[in-house]
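Subject: Structure for your review

Dear colleague,

Please find below the structure that I am handing over to you. My notes on what was found in it follow directly after.

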2 protein chains.
Amino acid sequence: MSPISPLAPASFPELPVVPGVALHAYAANLRYSGRPDLFLAVMPEGTTVGGVFTQSACPSAPVDWCKNILPSGYARAVVCNAGNANAFTGSSGAASVQAEVDTLSAALGVPANEIYVASTGVIGETLDDGQMVAALGHLVEAKGAAWPDAAKAITTTDTFSKGAVAVVPGTHVSGSVVGIAKGSGMIAPDMATMLGFLFTDVAATSEALQLAVSSATNESFNRITVDSDTSTSDTVLLFSTGAAGNEPIDGPNHPAWADFSAAVFEVCLDLAHQIVRDGEGANKFIEIHVEGAVSDESAEVVARSIADSPLVKTAMAAEDANWGRIVMAVGKAGEPADRDKLAIWIGEEQITEAGLVHPDYSEDRANEFLKQDDIVVRVDMGMGMGSGSVWTCDLTHGYIEINAGYRS
Amino acid sequence: MSPISPLAPASFPELPVVPGVALHAYAANLRYSGRPDLFLAVMPEGTTVGGVFTQSACPSAPVDWCKNILPSGYARAVVCNAGNANAFTGSSGAASVQAEVDTLSAALGVPANEIYVASTGVIGETLDDGQMVAALGHLVEAKGAAWPDAAKAITTTDTFSKGAVAVVPGTHVSGSVVGIAKGSGMIAPDMATMLGFLFTDVAATSEALQLAVSSATNESFNRITVDSDTSTSDTVLLFSTGAAGNEPIDGPNHPAWADFSAAVFEVCLDLAHQIVRDGEGANKFIEIHVEGAVSDESAEVVARSIADSPLVKTAMAAEDANWGRIVMAVGKAGEPADRDKLAIWIGEEQITEAGLVHPDYSEDRANEFLKQDDIVVRVDMGMGMGSGSVWTCDLTHGYIEINAGYRS
C-alpha cells in the first residue's frame, strides 16, 4: 500500500444525500481485504442516465454492456467491483456481466438492462461467477452505506478516496450533483482505470444528461494525463433520480440548463483534479495553459504535448526551469506555431518573448515557483485566439517504483 | 558522465576511408573538455547531398539553414558542434550560422551555400560567435582525423560513439556507405537531438540520395523511440563524393539502386539501433513487431503506441510479463482492432489467442524471455496483412535520474 499522496486534499468532503439514491457498500474480499470492494447504488423508477466510455478499441466486457444499454436512457442501478477489470476475458467476460445483472435484477426487482456495471482491477483474469453472485447477495443487503464507504469501494491503487459536490443554485431549480471517482494512473500497475459516478436529484432527460456529461468530461476527465496511457474500462455515468420534482431539464434552452451543466462540470473538474493529485508518484500538480493558438482544439493539442512529455515532467520533478523542453514539446505537437512569436511563463515569471529569452528573465525566480506543490505553466503561441488547459503531474522515481514493481 | 550503456556494442566498428571525404575533429572546449567537440567533413566539387530534418515547428537555426540550401543538391562540407544547439536563439541564431559558414567558406574556398551546419546541445543559449570563429580556424587545420574522433566530436550525453558501414556488393557498383550518429534520448537532458551523417563514394544524383535517405530514415530513425520526445535539431544527411566513378545512380531504375539503397538502409538501421541501445537509462533493447494490421501504416501506429507506453516500458524494466498493458496500448492506438482476434507473444511464448489467454501460456516462461537484454514483443492483430516494427528501450530509474537532474 502506497502512502497517501502529498497532494491529497486534507479530508474527504462532506457529501449530501441525493434524494432517491440508495447506497450499498460491502467488503467481499474479492481481492482486497479489510475494506469495501463492492459498490451499488439503487435508484427509483424513471431515473435517467447519460454516460461516456473509453475510446479504447479493446474495451472491457462491462463497457460493452453499458454502451449497449445506454440508448434506452433509463437506469435503476449501478454496480462496481474493485480488483478485477473483467477485461480481455473473451466470451466469459460477457457471461460474467450477464450473471451479475441477472442476479441483481432478481434481487432488486428491476430490469436487467437498466443495471450499469463497472469493473476495475487486473486485466485478463476471468471473474469467479459463483463467488461474485454470492457477494452480490450480501451487497444487496448492505444498505445505508455512507459516501466515504462508497467512494472507497471503487478504488484500486488510489491513495485516497475521491468525492465532490456542487449545489445547483436554485434560481430555477434546486438540487445537487454529487460524484465519486477513482483513478491514479491512466491505468494503474495492473489495476486499471478511471471511473466516475455522478448522481443528481435534479430532473433531466437522458438527452440532457448525455449532453451535460459529454461536454463536462471533454473539459475535465479528458484534459488530465498522468502517463498518456488509456484504460480499457474508463467510464463516467451521470444519473438523475428526478426527486427534486422540477420540470425536467431537456436541453440548453431550459432556463436551468446553465446552472445545471455548470454544476456537473464543477464536480467533474474537481474529481479530475483529484485524480491528477493522486497520480502515481506525483509530487506536483501542474496546469499547462496554452493561449494564442489558432483554435481551442489546437491549444489543447499543444497543452497535451507539453503535459505528456517525459522530459517536461522530469524537469518539473527536479524543480528545474528547463524551458528548452517546453519549446521542444510545443514544436513536436504538430500544430501551427511560430518559434519567433512564442512566449512562456512558469508561475508569474516570463521566460521567453518573441522567440528569445526575456531580458528580465531570472532562472532563480522561475525555480522558486517550481518549489511549490501547484505549478502553472503558461504558453502564448501568438497565433490567434484559441486557448485551453490540461492538467498533469510530474514524473518521478515514485512512478517507476510503482509501475516497475511486480504484480502481487 | 554516465557509465557506458550496458547495451553498447563491444567496440566502435572499423570504418573504411570514404574516398573524397576529408575528416577534421578538434577539441575546442566550447562546453566539454578533454574530447573533440567540433567535427568537419570536407568533400570534393560535385559532391551531391540528400537530407531529412526534424518535423518540429520550432526548428533550430542550423536546421533552417540546411533546409534552405538543400534544394541545390550540392555540398562541399558539413560542420557540427556539440554543446550548444543554437536553437530558440532568435535572429542571433541565424547570424551565428552565417558567421560559421562565412568563416569556413573563406578558409576552405568553397561556396557558403554548400556548407551544411548542425549544432547539438543546450537550447536557448546564444553562441559566442568570436569564440566559434576562432575555433573553426583550428578545426580547418585539424586534418586527417579518424572516424572514432569524428564520431566522438558530435556526441553530447551519449555514453558511446556510434558508427556503421555497409559495403555496396559490387554487382553493378563498388563502394561503401559509412555513417556516424549521435543520440541518447530523443532529446537529452538539455543537450539535444539525433544527428546522422552518412558518406558514400558511390556516385548518385541528389534526387537519388534524397529518395534513399528519406525512405531509409522512415524505416529506421523514424522507427525508434526512447521517450516520444522530438528534438528541435534532428538532422540526417547523406553525401556522395562520386569517387567510385560509376555512372551516377539516378533513381530506382538504375541497376545498382537496390544494392545502394539497401546499403543506406543498413547503415541507418544499425545507427538507429545503437541510439536506442544508448537510450537514457536503458537496460533492455526492445523490438515491437506488429503484424496482421489493416495496413503497414496502421501496424506502425500500433507498434509506436506500445513502444511509447510508459506502463509497457516500466513492465519491461521490471522483467514482468504484464501483458494487460500491451492490450491497453493496442486499444488506445486508435487503429482498427478487434479484441477477440488479438494474439500476443513475448519472445517465443504465446500469451493470448483470439482475445483470451492462450491455454498453454506460462508466465514463468514469458518472464524468462524478459530477463534477456534483447526482447521481441510480437502482436498479431488478425485484421489484415499490414506489418511493421518499432524499436525502443525500457523505462527505468536511470531515465528519471538523468532527466530530473539539474543542468550542470
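The contact between the two chains draws 45 residues from chain B and 46 residues from chain A; two residues are in contact if their C-beta atoms, placed from the backbone, lie within 7 Å. This is a predicted model, in which local features need pLDDT of at least 70 and side-chain atom pairs count only at pLDDT 80 or more, while totals for chains, interfaces and linings use all residues. Residues are numbered from 1 along each chain as its sequence is written, and chains are lettered from A and ligands numbered from 1 in the order in which they are written.

On the side of chain B that touches chain A, the elements giving two or more residues are helix H8 (310-317), helix H9 (324-332), strand S14 (356-357) and helix H11 (397-403) of chain B. Helices (H or I, at least four residues) and strands (E, at least two) are DSSP runs, numbered from the N terminus. H9(B) provides the largest share of this side, six residues. By class, the side of chain B that touches chain A comprises 21 nonpolar, 16 polar and eight charged residues. Here Ala, Val, Leu, Ile, Met, Phe, Trp, Tyr, Cys and Pro count as nonpolar, Asp, Glu, Lys and Arg as charged, and the others, Gly among them, as polar.

The axes of H8(B) and H9(B) come within 9 Å and cross at roughly 155°; axes are lines fitted to C-alpha atoms, for helices over the stretch in contact, and angles run from 0 to 180 degrees between N-to-C directions. That angle makes H8(B) roughly antiparallel to H9(B), given that angles under 35 degrees count as roughly parallel, over 145 as roughly antiparallel, 65 to 115 as roughly perpendicular and the rest as oblique. The crossing of H8(B) and H9(B) is left-handed; a crossing is left-handed if the near helix is turned anticlockwise from the far one by less than a right angle, and right-handed if clockwise. B:Leu311, B:Val312 and B:Ala315 of H8(B) meet B:Arg325, B:Ile326, B:Met328 and B:Ala329 of H9(B). The residues of this contact divide into six nonpolar, no polar and one charged.

H8(B) is mostly covered, with eight of its eight residues buried. A residue is buried if 20 or more other C-beta atoms lie within 10 Å of its own, exposed if 12 or fewer, and partly exposed in between, with C-beta atoms placed from the backbone. After H8(B) comes B:Glu319, whose phi is positive, near 55°. In chain A, A:Glu319 lies in the loop between helix H8 (310-317) and helix H9 (324-332), and its phi is near 55°, a positive value in a residue other than glycine. A:Glu319 is partly exposed, because 19 other C-beta atoms lie within 10 Å.

Two further helix pairs were found in chain A. Helix H1 (residues 61-69) and helix H2 (residues 90-108) of chain A have axes that come within 8 Å and cross at roughly 60°, which makes H1(A) oblique to H2(A). H1(A) passes H2(A) in a right-handed crossing. The axes of H2(A) and helix H3 (residues 129-141) of chain A come within 10 Å and cross at roughly 30°, so H2(A) is roughly parallel to H3(A). The crossing of H2(A) and H3(A) is right-handed.

Lastly, two residues of chain B deserve a note. B:Phe88 is found in the loop between strand S4 (77-84) and helix H2 (90-108) of chain B, and its phi is near 55°. B:Phe88 counts as buried because it has 29 C-beta neighbours inside 10 Å. B:Ile115 has its place in strand S5 (residues 115-122) of chain B and is buried, with 25 other C-beta atoms within 10 Å.

Yours sincerely
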